[in-house]
Number of protein chains: 2
Amino acid sequence: MAKNITNPDKDFAKWYQDVIREAQLADSAPVRGCMIIRPYGYSIWENIKSNLDERFKETGHKNAYFPLLIPESFIRKEAEHVEGFAPELAIVTHGGGKKLEEPLVIRPTSETIINHMFSKWINSYRDLPMLLNQWANVVRWEMRPRAFLRTTEFLWQEGHTAHANEKEAREETLRMLNVYTDFAENVAAIPVIPGRKTEREKFAGAVDSYTIEAMMSNGWALQSGTSHYLGTNFARAFDTMYLDSNNEQQFVHQTSWGVSTRLVGGVIMVHGDENGLRLPPRLAPVQVVIIPIARDDSARAEVMQVVNGIRNDLKQKDIRVDVDDREGMSPGFKFNYWEVRGVPLRLEIGPRDLQEGHVMASPRNKPGRDCKFTIPLESVVDRIPELLDGIQNEMLDEAIRKRDARTYCVESLDDFREAIVNNPGFYNVWWDGDAEDEARLQQETKATVRCIPLEQQEGSGKCIMTGRETSTRVILARAY
Amino acid sequence: MAKNITNPDKDFAKWYQDVIREAQLADSAPVRGCMIIRPYGYSIWENIKSNLDERFKETGHKNAYFPLLIPESFIRKEAEHVEGFAPELAIVTHGGGKKLEEPLVIRPTSETIINHMFSKWINSYRDLPMLLNQWANVVRWEMRPRAFLRTTEFLWQEGHTAHANEKEAREETLRMLNVYTDFAENVAAIPVIPGRKTEREKFAGAVDSYTIEAMMSNGWALQSGTSHYLGTNFARAFDTMYLDSNNEQQFVHQTSWGVSTRLVGGVIMVHGDENGLRLPPRLAPVQVVIIPIARDDSARAEVMQVVNGIRNDLKQKDIRVDVDDREGMSPGFKFNYWEVRGVPLRLEIGPRDLQEGHVMASPRNKPGRDCKFTIPLESVVDRIPELLDGIQNEMLDEAIRKRDARTYCVESLDDFREAIVNNPGFYNVWWDGDAEDEARLQQETKATVRCIPLEQQEGSGKCIMTGRETSTRVILARAY
């Protein structure tokens, strides 16, 4: 086990902090609740960004940029919205050396300012659908900060779209939920359950909120992305109307959807192990690290020639490869350095390997000497892409297996109350409760309704809270 | 001339606003001084970003992210820094429903917070150089806002580096100035004069500031990027020290450097003409637009087959190509639409063109029917890359010619006073003045010392302000 990293089974919260520190992902800022994203952590976010950005553009969205500062009066225009966000706002009262006539809020999200502009830009049905996204920072005052998961400032993308009718807007809402699901599973190797939020858990100002819920390796849930059907709520508050083909004024139907830097926290907590981070190849800033091993200068020259050749060939194939040829550090130190950082595949090359015509490969997802294997020198470059794909798939499979092993059914609140303490995980239960039942559930068990999965099984049963017969199942879990 | 666009010779400021509106680059925000960057404007910024980001990474820099909110006390730690920035700060006094114990400022730039972290991360000479960059938004309260050029919030990158000694830090300062120069000339097709700022014009907290100065087509200057040697000023204020190889504590020597969304304003004002925007191909979101021309459905099917073939082949070559097949709009409307947006090359394809086996090409940098030409269908895909390179080079050449034609020498303040009014441009003059002379110059002529060019000619002459003999020449101009 890596020194300086707590065993996750002993203290998961401390393990999480240890990994963030040892892999140099982030650091805490002088302002409470804020964080510094260090280069290695930021490069994971850059990979998340570029991957999602491509998917957004493929589905017809364009990036724009809306201002950080929003007049306080805007936030108050949509009743549920202000109720939800008022307690979390950061307020600018002075600017340019003077007290402002109207205080400004730092955007907690941008529905209001975007609707203000949509009202100006959208006139007729020909202007629809309007499909925008922005990559931005937002601020929501955080009382219980936790690196990546809950920070006062965080980075995210927020998609905002306007449509001619409910049908198209609802299709968009689910389209983007699917984009998130696909990204989570096929890039981040995180299996997720797409579902609808309950009334109590939905976005402040939405008609319906959808979510992808992932299970962390301690059995807790992480809401990893959300997509909202906003109906005409903001359109009515901001008079966002268009002239339809019959020359009649109609409110637009809207959506918004976002993922944030908390996804980095999800990657850590789904894949990390007692030795630190483990990164799925498609997200890893460094996919392959090559460690040349040589005791003297002549061996070193010989080894480096081969190493540089492999490096260049891998770069040609768009593999993100790094060579750790730092001097004055032992191979063991370097192994640990890259292991903590979760690099998916490590190659070692020394003089004896050259003699035997192979390199030694260690996949990060299966630690331990037993899983090391050799690759003949002449085929190493060709084999790396399939090896990385293999690691990617194995990591997703492992995460699915772990999640399924921690997914349970319970029939009664009494059973659940005990089970969630002894076996944290996802609990699939019959549900027919309302917001009050949810509040009571949370008070008694610290668990919440994570979502009403889109995929429902046949049959019916008695609601865990009300005892009423219902055909709806939900997922209960403790959540970050 | 495009309707809705003022002639730039009549009213340059209004022309600038017209182009921004008609090309849908930006819109004004409800908060004075802020702007919304619309998708087309933002895509120009995305191209600037990706191009520069690659250059930063090639020169060894890594991206990170530092917080938006900085304790007010941090800004006060470096005396010149606070004097320079205090009047422009936006202050957060309330957060999470409470008055804050210490007000926070929204970052106007990040030297202070970054030095706070550098002090923690840098211990020994082995940690140096530390080469970071961040892409972020900053806020500086703006009394005379102008879209892209001066906005209360703007987007930029800020590089921050720490080095073991002055020599390495000064080398870095000039290295990054060179990166900016190369980018401006070879990507944005904007010729620039790299030079040093005077004491009066330098960054608040720097030892030396360097700049690249570009000439807009009205003869005014735009400071388009800056690179600062900070010496040990911030290191002393924040105790950023390292243990050198002799086991002695030393202050780090630092640099910072940045370009911002004001570059988009520079692109508009260097290249734009009476018909709108003109974009250099390497920055253009759309490099080639194809306009199919067909009066009936059967002609349309035939034309679209060829158009789609060309589009796909160009995409294969990584050319950014768009097909405007919108129905219900005349070719003339579409020509204007893409002309205002400055797309470098327009291709028209109609049934007659197909019969004659060619497409009609119109380069945006040379408007008018005379400059249209035909390209044989079979070679169109092969020729586009060289045509775009040709347009790129022509645009740089044209900008150099225009700048050189507006670059003058004057010998006396009296001559300059008149000349700068009648012939706005760059004035190359002998200079030996101090900050007071600069203030007087600005008061009398509204011009400032833009820079002391790195490239100086031989010889000497009398300073335009003091009459003292000097071997230094500077550039005077009116500036944005």
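Q: In chain A, what share of contacts between residues at least 6 apart in sequence join residues at least 24 apart?
A: 67% of them do. Keep in mind that this is a predicted model.

Q: How many helices and strands are there in chain A?
A: Chain A has 14 helices and 25 strands. Its radius of gyration is 25 Å, close to the 23 Å that the globule rule gives for 480 residues, so chain A is as compact as a globular protein of that length.

Q: And what does the C-alpha trace of chain A span along its principal axes?
A: About 80 × 55 × 45 Å. Of the 480 residues, 48% count as buried.

Q: Switching to sheets. What is the strand order in the open sheet of five strands in chain A?
A: The order is β16-β15-β17-β18-β19, and the pairing is mixed. β16 (321-323) and β19 (373-376) are the edge strands. The twist averages 30° from one strand to the next.

Q: Do β15 and β16 of chain A pair in the parallel or antiparallel sense, and over how many bridges?
A: Parallel, over three bridges. A:I290 stands opposite A:V323 in β16(A).

Q: Which helix packs on that sheet?
A: Helix α12 (residues 380-405) of chain A does, touching β15, β17, β18 and β19. Its direction makes about 150° with that of β17(A).

Q: Now chain B. At what angle do the axes of α2 and α8 cross?
A: Roughly 105°, and the axes come within 10 Å. The two helices, α2(B) and α8(B), are therefore roughly perpendicular to each other.

Q: Which residues of α2(B) and α8(B) meet?
A: B:G41, B:I44, B:W45 and B:I48 in α2(B) meet B:L263, B:V264 and B:V267 in α8(B). By class, that contact has six nonpolar residues, one polar and no charged ones.

Key: Residues are numbered from 1 along each chain as its sequence is written. Chains are lettered from A and ligands numbered from 1 in the order in which they are written. This is a predicted model: local features need pLDDT of at least 70, side-chain atom pairs count only at pLDDT 80 or more; totals for chains, interfaces and linings use all residues. Helices (H or I, at least four residues) and strands (E, at least two) are DSSP runs, numbered from the N terminus. The radius of gyration is taken over C-alpha atoms; the globule rule is 2.2 Å times the number of residues to the power 0.38. A residue is buried if 20 or more other C-beta atoms lie within 10 Å of its own, exposed if 12 or fewer, and partly exposed in between; C-beta atoms are placed from the backbone. Two residues are in contact if their C-beta atoms, placed from the backbone, lie within 7 Å. Axes are lines fitted to C-alpha atoms, for helices over the stretch in contact, and angles run from 0 to 180 degrees between N-to-C directions. Angles under 35 degrees count as roughly parallel, over 145 as roughly antiparallel, 65 to 115 as roughly perpendicular and the rest as oblique. Ala, Val, Leu, Ile, Met, Phe, Trp, Tyr, Cys and Pro count as nonpolar, Asp, Glu, Lys and Arg as charged, and the others, Gly among them, as polar. Two strands pair if DSSP finds at least two bridges between them.
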